[in-house]
Every structure is written in C-alpha cells, then in structure tokens.
Amino acid sequence: MNTPDPTTARDAIVIGGSAAGLSAALLLGRARRRVLVIDAGLPRNRFAEHMHGVLGNEGAAPADFVRKGREEAAGYGVEFLDGVVESVVDVEGGLTVTLADSRVETARAVVVATGIADELPAVPGLAERWGKTVLHCPYCHGWEVRGARLGVLATSPMALHQARLVRQWSDSVVLFSAGAGPIDPVDARRLRARNVALVESPVVEVLGDGAQVTGVRTADGQVTELDALFTAGVPRPRDGFLAALELPRTDFPMGLGSFLTVDQAGKTGHARVWAAGNVVNPMATVPMAVGAGALTGGAVNGALMEEDFDLAMADADARP
Ligand SMILES: Cc1cc2nc3c(=O)[nH]c(=O)nc-3n(C[C@H](O)[C@H](O)[C@H](O)COP(=O)(O)OP(=O)(O)OC[C@H]3O[C@@H](n4cnc5c(N)ncnc54)[C@H](O)[C@@H]3O)c2cc1C
C-alpha cells in the first residue's frame with residue numbers, strides 16, 4: 001500500500017456533489033480542509049422542474065440549487081471534478097479514489113453522497129412522466145396537484161400508507177392496488193371510509209399528453225382519468241464503487257433494501273469513510289440531505305482534527 005502524498009492528497013474527497021455532498025463540502029471548506037468534490041452531475045430530482053419543502057430555496061430549480069451550492073463551497077476553496085467514481089480502496093493513511101477515466105485522487109477521508117437510483121415500475125408511459133406528473137412524494141409535489149384527480153400505483157404494501165397520505169391533498173384518490181398484494185378487508189374499509197377508491201386490476205399503461213398524465217389503463221380494459229399518479233420506485237443506493245472495502249450493511253426498514261450501516265453522523269464501518277443523504281437514507285428529502293451532510297462534514301473534520309493531534313504527538317515523541 002502507498003501512503004497518500006501529503007502535497008497532493010486532499011483532507012477529504014466528497015463523492016457526489018448535490019444536497020448532501022455540497023453541504024458536507026461547505027462545512028469542510030469552512031474548516032480550512034483541502035476538499036475535492038467529484039460529481040457525475042445526475043442528482044435524483046433532476047426530472048423535476050422545481051423543488052419544494054426546501055426552506056430558503058422553495059420552488060428553486062434543482063440545477064440552480066446545485067449551482068448555488070457549488071459556488072458557496074468554492075468560495076471556501078473547495079475544488080470540483082466532473083466525473084464518475086469507479087472504486088475506492090485503502091492505502092496507508094488514507095484512501096485512493098479512481099474515476100472512470102482512470103484519474104486517481106487520494107485523501108485522508110471520503111464522504112459518500114452519491115444518492116440513489118429510483119428503479120421505476122415497468123409500465124409503458126410512466127418513466128417519461130417521472131418528476132412531472134408521475135410523482136413519489138406528496139410533501140414535495142402534493143401542493144401542486146391539490147384537489148386534482150390523483151392515482152396511487154402500488155408497488156408494495158407500503159402503497160396503502162401512500163394512498164392514505166395522498167388523500168390529504170385531494171378528495172379524489174384511486175389506489176391501483178395490484179402491486180400491494182391482497183388488501184386486508186379492514187384496510188380496504190379504512191380507505192373507502194375516506195372515499196379512496198380501490199381498483200384491483202393491474203395498471204398496464206399510463207396515458208398522457210406530453211408530460212401530463214391523463215389517466216391509466218388497467219388489464220380489464222378500463223380507463224381511469226387522472227391528473228397525476230403517485231408511485232414508489234425501488235431505491236438502489238449508488239455505492240457499488242465501495243465494494244472492495246466490504247463495508248457492513250443493514251436492511252433499511254419498510255423493506256426498502258440493503259444500505260451501508262452508518263452511525264448518526266454518517267460514519268460507516270471504515271474509520272475513513274462516511275456517507276450521507278439518500279445513499280444511506282432513501283427517505284431523505286433535500287433539507288434532510290443537507291442536514292445530514294452538514295453533520296457528516298463536522299464529524300469528518302473532528303476525526304481529522306484528532307488524527308492531526310495524534311500525528312503531531314507521534315512526531316514530538318520521535319524527536320530526541
Ligand atoms: C422526481 C423527484 C423529485 C423530487 N423533488 C423533491 C422536492 O421537491 N423536494 C425535496 O426536498 N426532495 C425532492 N426529491 C428528493 C431529492 O431528490 C433527494 O432528497 C436529494 O436529491 C438527495 O440528495 P443527495 O445529495 O443525497 O443525492 P442526489 O441529489 O441524488 O446527488 C447524488 C449525486 O452524486 C452523483 N453520483 C452518483 N454516483 C456517482 C459516482 N459514482 N461518482 C461521482 N458522482 C456520483 C450523482 O450524479 C448526483 O449528482 C425528489 C426526488 C425525485 C426522484
């Protein structure tokens with residue numbers, strides 16, 4: 001193993017430059033750390049024109065939010081590299097990060113903020129309207145479709161919760177329940193008590209006009225007219241490039257899959273690797289990812305600070 005070159009190695013490399021990564025980088029930059037952000041430029045919410053529920057940035061375009069965040073972090077000396085990280089491996093005293101174009105960067109610490117990919121239901125007409133009128137989060141986009149004809153396309157039993165939630169934004173809600181399995185009669189009564197309609201026939205096509213959903217066709221040939229459709233993709237954390245480190249993983253609650261195990265500040269099972277945002281919490285919205293990134297940035301600086309003192313002590317002890 002090679003030791004990172006102290007003249008070129010960064011204190012921290014942040015992989016992923018969106019809400020969580022930029023927030024961690026801002027903290028670290030302001031702590032006078034040498035920071036490099038490596039980003040592939042594909043934030044999860046890039047399909048939406050505006051983001052909501054984000055205090056101070058309410059209604060901002062996702063791209064503008066990232067641009068502003070980059071400028072703010074760059075103001076404290078944070079550097080940026082556009083690219084895709086392919087692997088992270090241990091070296092003595094740090095980690096080596098290799099990009100798809102074979103560039104290699106080293107650092108004493110790595111923050112993983114690469115988010116998730118949403119694996120969408122394979123229904124024709126759905127993916128092209130994702131983030132426009134096919135939606136996942138009523139807190140993010142419910143206000144914009146309040147009072148409209150809303151559908152909920154089940155992909156798991158969690159859809160019952162989603163349907164009850166969406167009911168808060170409209171009194172016209174239809175749950176397409178095939179993907180949730182058989183519905184318990186008590187659950188069905190509970191939904192119907194607030195006029196949530198249940199359709200058991202599987203959805204075979206999402207109908208629309210451009211980005212606008214106009215309805216869904218079910219396997220029985222029926223068309224239900226809608227103005228928007230809520231659904232949930234399967235969250236796939238973008239962390240495959242960490243495979244060589246063999247980090248511990250945990251099953252996320254609600255059957256959402258396997259994610260890196262982290263403590264509250266984002267520390268993984270590796271002493272030099274932290275993770276924040278959707279990559280470890282698929283439920284995090286933008287402000288939650290920003291908060292997690294800030295907490296992680298502080299934790300990374302704290303660990304580096306302790307190491308700085310350890311190294312200074314060892315140096316002092318080695319002197320005659
Ligand atoms: C359609 C849609 C709309 C949404 N609307 C809202 C909203 O209105 N309000 C809200 O609060 N939340 C919204 N969200 C949720 C929001 O997208 C997430 O909370 C937020 O993006 C999480 O931030 P993050 O930094 O963890 O990950 P991301 O924003 O996904 O950023 C991850 C970054 O890492 C990069 N990356 C990934 N892999 C690599 C790699 N190997 N090498 C280098 N870089 C890499 C990606 O390109 C990306 O830039 C929405 C989500 C979706 C799907």
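The structure is a predicted model, in which local features need pLDDT of at least 70 and side-chain atom pairs count only at pLDDT 80 or more, while totals for chains, interfaces and linings use all residues. Residues are numbered from 1 along each chain as its sequence is written.

To begin with the overall picture, the C-alpha trace of the protein spans about 85 × 35 × 35 Å along its principal axes. The secondary structure comes to 6 helices and 19 strands; helices (H or I, at least four residues) and strands (E, at least two) are DSSP runs, numbered from the N terminus. Of the 320 residues, 40% count as buried. Here a residue is buried if 20 or more other C-beta atoms lie within 10 Å of its own, exposed if 12 or fewer, and partly exposed in between, with C-beta atoms placed from the backbone. Contacts are counted between residues whose C-beta atoms, placed from the backbone, lie within 7 Å. Among contacts between residues at least 6 apart in sequence, 61% join residues at least 24 apart.

The protein is divided into domain 1 (10-118 + 234-318) and domain 2 (121-231), with bounds that come from an automatic or database domain assignment. The centres of the two domains, taken over C-alpha atoms, are separated by 34 Å. Across the boundary, 9 residues of domain 1 are in contact with 8 residues of domain 2. The side of domain 1 that touches domain 2 has 4 nonpolar, 5 polar and no charged residues. In this classification Ala, Val, Leu, Ile, Met, Phe, Trp, Tyr, Cys and Pro count as nonpolar, Asp, Glu, Lys and Arg as charged, and the others, Gly among them, as polar.

Two strands pair if DSSP finds at least two bridges between them. S1 pairs in the parallel sense with strand S6 (residues 104-112) over 5 bridges, and Ile13 has Val110 in S6 as its bridge partner. Further along this pairing, Arg10 stands opposite Ala107 in S6. S1 also pairs in the parallel sense with S2, over 4 bridges, and there Ile15 stands opposite Ile38.

Strand S6 is mostly covered as well, with 8 of its 9 residues buried. S6 pairs with strand S5 (residues 94-99) in the antiparallel sense over 4 bridges, and Val97 stands opposite Glu105 of S6. S5 and S6 form a hairpin with 4 residues between them, and Ser102 in the turn has a positive phi of about 75°. S6 is also joined by 3 bridges to strand S19 (residues 273-275), and these two run parallel; Val112 stands opposite Ala275 in S19.

An open sheet of 5 strands has the order S8-S15-S9-S10-S11, with parallel pairing. Strand S8 (134-135) and strand S11 (196-199) stand at the edges, each with a single partner strand, so one side of each is left without a neighbour in the sheet. Within the sheet, 4 bridges join S9 (residues 150-153) to S10 (residues 173-176), and Val152 has Leu175 in S10 as its bridge partner.

The nonpolar cores come next. A nonpolar core is a set of buried Ala, Val, Leu, Ile, Met, Phe, Trp, Tyr and Cys residues joined through C-beta atoms within 7 Å. The largest has 51 residues, of which Val14, Ile15, Ala25, Val110 and Val111 touch the most other members. Helix H1 (residues 19-30) gives this core its largest share, 8 residues. Leaving aside residues up to four places away in sequence, Ala25 touches Val14, Val35, Val37, Ala73 and Val78. Apart from this core lies another, of 30 residues, among them Leu135, Val152, Ile183 and Leu226.

Of the 41 residues around the ligand, Gly16, Ser18, Asn45, Gly115 and Gly277 come nearest. The elements that give two or more residues to this shell are H1, strand S2 (35-39) and helix H6 (286-318). By class, the shell has 22 nonpolar, 15 polar and 4 charged residues. Domain 1 and domain 2 both give residues to the shell, so the ligand lies between them.

Note on methods
Two residues are in contact if their C-beta atoms, placed from the backbone, lie within 7 Å. A residue is near a molecule or strand if its C-beta atom, placed from the backbone, lies within 6 Å of it.
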